[in-house]
Every structure is written in structure tokens, then in C-alpha cells.
Amino acid sequence: FAAQRHVLTYMEDAVSQLLENREDISQYGIARFFTEYFNSVRQGTHILFREFSFVQATPHNRASFLRTFWRCFRTVGKNGGKYSSILCYLLTAQEYHCLLQLLCPDFPMELTQKAARIVLMDDAMDCLMSFSDFLFAFQIQFYYSEFLESVAAIYQDLLAGKNPNTVIVPTSSSGQHRQRQPPNDCNPLEGVEASLFYQCLESLCDRSKYSCPPSALVKEMLSGAQRMTFYGFLMALAKDQGINRALGALPDKGDLFLDPAMDQELEKLVAQVSGLSVSGPASSSADTANMPVRNSPRINSPWKPLHHRRKMDAESEGSNEETDSSEN
């Protein structure tokens, strides 16, 4: 159970953070730190602003990152207050990569490009994509990264007429930063025999120690085709709602822009901000007299530029000297 849930990974990370921030943590206790740490792991917020090596370290981390990316940026897919399949914002791969880096500063551009290639096929990489198209393609590419590396090798061997049974399954590091050569899918009528392709994928899933899509769903997906190209296979994975439900990170496509829990939190936040706003002109003079004066928009904040602080300190020292001399 511990190995399946990657408990050791989280224990090592928790201890590492404990040692790194021991001075701050000592103020409220080690027990409270571990409680809050594992609560964040359970809630999926532990991956926020972490390094990519940690974000991709476990399947739970990857699913948490996908869910967080969806919840933070689902409004990108909207235009106005209601979702429309026609009116939606379209972004380039570079722009989606900027959004990913807001959550993970060192997120590699290569993974974003691979996800975009699933959507765009042979089109230019600077073409625009809808949020839903990119998100489901990115989910497949990010969560099943090592699996797709092996699939690409199998596909190339089948095209060349080789025996793909000796394909090496990538290690945890080899599949993340190695440049994958796009298989030759120039002619959509080409590809490999779907039944043979599935046999190889079934064998891969049986021996792989990394996350793979359910073989029964892959078989169902390939059973209706005689031949299959590599990017046709990736696109089919991205569009398959059964695989999406099995992964469990994102809602169905029809519910992609619905998040009642997040909407409720936003409504509470908006209500709080509205309650802090200045009252309207209908307020009585008595109520106005009791309100704090807000004549100037400038607020004395402790966070001032360093040069401004030094200037204020120098002025205050000068005024003290004048006061001392006047008293004498």
C-alpha cells in the first residue's frame, strides 16, 4: 500500500520542507506541520508553485496538477458569463505554456508542444487552440508521458516491419526531457494495422510500471479501425470520455466549465469585496460622520521602497536634532 500510494515520496518531501523551514515551523509545532502537509496532499493543493520534478513525481501529483490547472483557468474557455461552444477564447501553445508556468515555474515547454501537436497534427505550432481541446490533449500527454514514449517507439518499429516486443520502457527521467521524433503520419491512409498495434500495446501495459490507460478501453477504441496512425491514436485517447473518467482528474467535456464549489467561493469573495466598498450617496449625514475619512486614495503602507524609507529616516533624524537644539 505504501509503495502504491507513494507514501515514501511524500514523507521525504515533508521532511525536506521541515528541515528547510525549521525556524518558521518551530513556532507552531512539528505535529501541526505534518497535519497541514498531508491535508494539502489529500486536497491536491500541495503541487502549487512546486518544481516540475515534484509535480510529475507521482500519479496523484499529476492528477492534482491537471485538476488545479483546470480550476484556475477554466474561465479561459468562456467568453462572457455563459459557456458557448462557438464563443470561446483561443490561445497558442506558447500562451498555454505561460499559464502552466504560473503554477509550475519550470514546467518544460517540450511537454506543452507535444500536447499541442496532438491537437494541431501537422499544422503550424503557432495556431490557436480552444481550452477544452488543449486541456484534454495535455491531460493525456502529461499523465501518460512515459507510456506515450513507448507507444511512439512501438509505432516506429511496426512501420519499419520490426518486432516491437523488445521496446524499452522509459525510466522516470528519460521520458520527460528527451525529444520525441514525430512518427511519419503524413498520409492519413497509412499507419499500422490496428489489431497488431493493440496487441503490442496490451503487452506494454502488462509489463509497464508506469501509468497506462485501461487496456479494455484502448481495445474498444481500436476495434472500430483497420489501421491507425500515431497521432490519430493520441487524438482518440484525448477524446475518449471513458479514459477521462478512469483517470479521474477532469470532469466530462460537457461539464468542463462548471465548478459549483469554486463558483460559490468566488461569490463569497465578491460579496466580501462589495461589503468593503464605500457606501452610496444616499447615506445619511449621521452615518457619514461616523465613517472613517477617505479623502485621499493614498494609504500609509509599511511596504515602501527602500530609498523612500531612507529618505524618511533621514528627515526624521534631522527633525529630532532641531527639536533637541530648541529645547537646549
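1. Let's start inside the protein: Phe 134 is buried, and Phe 138 is buried too. Both belong to helix α8, which covers residues 131–143. They sit four residues apart, or about one turn of that helix. Why does that spacing matter? An α-helix has 3.6 residues a turn, so residues three or four places apart point the same way. Keep in mind that this is a predicted model.

2. Now for the rings themselves. A search of the whole structure turns up 22 aromatic pairs. Phe 134 and Phe 138 make a stacked pair, because their ring centres are 5.7 Å apart and their planes meet at 10°. For contrast, have a look at Tyr 143 and Tyr 144: the centres are 5.1 Å apart and the planes stand at 90°, so this pair is edge-to-face. Both of these tyrosines are buried as well.

3. Which residues do ring pairs link into a cluster? The members are Phe 52, Phe 65, Phe 69, Phe 73, Tyr 96, Phe 107, Phe 131, Phe 134, Phe 138, Phe 142 and Phe 257. So our stacked pair, Phe 134 and Phe 138, belongs to this cluster.

4. Helix α5 is worth a visit next. It runs over residues 59–73, which makes 15 residues. From its first C-alpha to its last it reaches 21 Å, close to the 21 Å expected at 1.5 Å a residue. Its buried residues are Asn 61, Arg 62, Ala 63, Ser 64, Phe 65, Leu 66, Thr 68, Phe 69, Trp 70 and Phe 73.

5. Val 7, Leu 8, Met 11, Val 15 and Leu 19 make a nonpolar surface patch of about 400 Å². One of them, Met 11, is found in helix α1, residues 7–20. Is Met 11 buried, exposed or partly exposed? With a relative accessible area of 34%, it counts as partly exposed, because that class lies between the 20% limit for buried and the 50% limit for exposed.

6. Last, the whole chain. It has 17 helices and four strands, and 37% of its 328 residues count as buried. The accessible surface comes to about 19,800 Å², with 54% of that belonging to carbon and sulfur atoms. How much of the contact count comes from residues 24 or more positions apart? Among contacts with a separation of 6 or more, they account for 70%.

Terms used: Residues are numbered from 1 along each chain as its sequence is written. This is a predicted model: local features need pLDDT of at least 70, side-chain atom pairs count only at pLDDT 80 or more; totals for chains, interfaces and linings use all residues. Side-chain values use heavy atoms; hydrogens and water are left out. Patches are made of residues with over 30% relative accessible area and no salt bridge: like charges are joined within 9 Å, nonpolar side chains (Val, Leu, Ile, Met, Phe, Trp, Tyr) within 5 Å. Accessible areas come from the Shrake-Rupley method with a 1.4 Å probe; for residues, only the protein chains shown count as cover. A salt bridge is a side-chain nitrogen of Lys or Arg within 4 Å of a carboxyl oxygen of Asp or Glu. Helices (H or I, at least four residues) and strands (E, at least two) are DSSP runs, numbered from the N terminus. Buried means under 20% relative accessible area, exposed over 50%, partly exposed in between (1.4 Å probe, protein chains only). Contact means heavy atoms within 4.5 Å. The expected span of a helix is 1.5 Å times one less than its number of residues. Rings of Phe, Tyr and Trp (its six-membered ring) pair if their centres lie within 6.5 Å; planes under 30 degrees apart count as stacked, over 60 as edge-to-face and the rest as tilted.
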